[in-house]
Amino acid sequence: MSTAVDTNGKPYKRGLLIAILLIGTFCTVLNQTILTTAFPTLMKAFDITTSTVQWLTTGFLLVNGIMIPVSAWLSTRFSTKWLYLSAMTIFEIGTIICFTAPNFQLLLTGRLIQAVGVGVTMPLLQTIMLTIFPADKRGAAMGMAGIVIGLAPAIGPTLSGWVIDNMSWRDLFGMIIPIVAIVLIAGFFFMANVLETSKPKLDFLSLAMSTLGFGSLLYGFSSVGDDGWTSVKVLSTLIIGVVFIALFVWRQLTMEKPFLEFRVFKHAEFTVAAILSSVTNMAMVGAEMVIPLYLQIIHGFSAFHSGLTLLAGALMMGIMSPITGRAFDRFGAKRLAILGMFLLTAGTIPFIFITRNTATIYIVVLYALRMFGISMVMMPATTAGMNALPVDMMGHGTAVNNTTRQIASSIGTAILTSVLSNVTAAQKPAHHLIKSNPLGYQNSYFNATLNGYHAAFYVAVAFCLVGLVVAFFMKGKAHSVKPVTKEVND
């Protein structure tokens with residue numbers, strides 16, 4: 001029997017370490033979507049507009065996106081145990097501020113503090129799981145990570161709707177505080193230093209370029225839904241983002257010890273996997289936003305019931321993630337990715353033809369089929385790409401992968417939102433019909449809205465087809481790479 005030992009040769013309990021990581025990161029990632037159905041309640045509580053309350057999500061995702069590239073440097077510079085405990089402590093402080101916030105300004109401050117912790121814990125979880133397991137067991141390990149990264153954001157809207165209907169919005173944060181406190185106490189005793197550290201200098205110019213570049217780009221895409229693609233604000237922030245990211249990438253490629261290692265893209269298998277997981281994420285996140293809108297506007301569902309309709313798909317993702325992880329260890333990523341993208345495409349095409357009379361159970365089944373397909377692609381593709389990298393580049397690979405995925409999510413959401421809005425606006429009936437022919441106006445307005453959804457799903461199908469083509473470029477079997485953490489015989 002073998003015992004896992006950390007970077008200092010001290011034995012640690014791998015099962016307990018993994019449990020602490022999964023529970024803690026589940027709490028942090030859940031916060032990405034937990035306010036989705038709480039916005040109307042918060043608008044009423046603080047007397048604020050829709051554009052103001054959106055900052056609770058936009059600001060969170062911005063800080064989260066900025067922190068992910070920094071996580072690679074942090075995981076190299078600081079010990080695993082204290083980095084994870086520090087990130088969880090920051091998250092806990094932010095959660096307590098949100099729970100007790102007397103006004104919107106403090107609530108937003110708490111959300112931004114939370115996002116700092118999330119931006120570190122999510123990539124750290126993946127880096128640790130990839131490091132403490134050998135290549136032939138990484139699929140199962142990343143399958144467990146997939147439960148957290150895939151399931152937590154998916155159940156957020158449903159959980160949020162239930163809490164809002166039955167308790168106070170403050171309980172969305174209050175229920176997380178004791179769980180994170182337990183994670184912190186357990187982590188103090190059972191977390192181990194499993195990642196090799198060194199003392200690389202922090203290049204402040206790279207940090208500034210990264211923050212400005214990714215922050216501006218993410219903000220630009222998140223503003224498209226409200227302002228449109230031709231807005232000066234959108235175009236200027238997108239241009240600023242692209243310019244600073246280009247400067248950031250150029251600086252990293254010319255540095256001996258870069259802040260973020262973009263040379264991971266020299267590994268073709270990593271590049272293909274990153275593209276595939278990003279396109280899949282675009283198809284997933286965009287649809288997660290459009291389907292609840294359809295259910296609420298066309299079917300008249302409440303926020304909770306529209307979220308509940310997506311719960312079966314979320315559970316499907318959670319159940320299948322560890323199963324597809326083990327399948328990856330046995331068969332490799334290519335077969336899983338091709339089959340998964342086929343199912344995702346097959347589950348998306350029928351949404352092009354939905355009507356105002358489409359049965360709810362039909363939506364539930366199709367959405368679950370889509371999530372089944374995504375579970376076969378997301379973590380297996382990520383794991384295959386990471387297996388192609390040397391162990392000392394795992395942290396950088398995880399950060400690059402998560403950053404591209406975050407940007408892809410913003411792009412996908414922006415494209416689908418703008419298509420939905422533009423098509424609906426273009427086909428909307430003339431305003432004067434409200435008085436002269438109210439029933440005709442209502443009927444035409446519903447048709448225009450439905451055509452907007454159809455157009456958005458045409459784009460979602462295009463994303464799926466691109467992913468299906470990319471899946472054929474995946475390699476069949478994972479490489480065999482030794483983990484960093486050592487094992488000793490008892």
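This is a predicted model: local features need pLDDT of at least 70, side-chain atom pairs count only at pLDDT 80 or more; totals for chains, interfaces and linings use all residues.
Reader: What makes the pair of F221 and W229 edge-to-face?
Author: The planes of F221 and W229 stand at 75°. Edge-to-face needs over 60 degrees. The ring centres are 6.1 Å apart, and pairing asks for centres within 6.5 Å. So F221 and W229 are an edge-to-face pair.

Reader: Are F221 and W229 buried or partly exposed, and how do you know?
Author: F221 has 12% relative accessibility. Buried means under 20%, so F221 counts as buried. W229 has a relative accessible area of 31%.

Reader: Why is the pair of Y294 and Y453 called edge-to-face?
Author: Their planes are at 85°, and the class begins over 60 degrees. Their centres lie 5.8 Å apart, against a limit of 6.5 Å. Therefore Y294 and Y453 pair edge-to-face.

Reader: What does the pair of Y294 and Y453 tie together?
Author: Y294 lies in helix α12 (residues 268–297). Y453 lies in helix α19 (residues 438–471). The pair therefore ties together parts that are 159 residues apart in sequence.

Reader: Why do Y294 and Y453 count as buried?
Author: Y294 has a relative accessible area of 1%. Y453 has 1% relative accessibility. The cut-off is under 20%, so Y294 is buried and Y453 is buried.

Reader: Which residues form one aromatic cluster?
Author: F46, F104, W169 and F173 form it.

Reader: How do you know that R77 lies over the face of F78?
Author: R77 is at 5.2 Å from the ring centre of F78. The distance limit is 6 Å, with an angle condition as well. R77 is listed as lying over that face. K81 likewise lies over the face of F188, at 5.1 Å from the ring centre.

Reader: Where is Q126, and what does Q126 touch?
Author: Q126 is in helix α6 (residues 104–132). Its relative accessible area is 1%, so Q126 is buried. Leaving aside residues up to four places away in sequence, Q126 touches M142, I149, T382, T398 and N402.

Reader: What lies between domain 1 (10–192) and domain 3 (260–479)?
Author: 33 residues of domain 1 are in contact with 34 residues of domain 3. The two domains bury about 2700 Å² between them, with 68% of it on carbon and sulfur atoms.

Terms used
Residues are numbered from 1 along each chain as its sequence is written. Side-chain values use heavy atoms; hydrogens and water are left out. Rings of Phe, Tyr and Trp (its six-membered ring) pair if their centres lie within 6.5 Å; planes under 30 degrees apart count as stacked, over 60 as edge-to-face and the rest as tilted. Buried means under 20% relative accessible area, exposed over 50%, partly exposed in between (1.4 Å probe, protein chains only). Helices (H or I, at least four residues) and strands (E, at least two) are DSSP runs, numbered from the N terminus. A charge sits over a ring if NZ of Lys or CZ of Arg is within 6 Å of the ring centre and within 35 degrees of the ring normal. Contact means heavy atoms within 4.5 Å. Buried area is the accessible area (1.4 Å probe) that two parts lose on being put together, summed over both.
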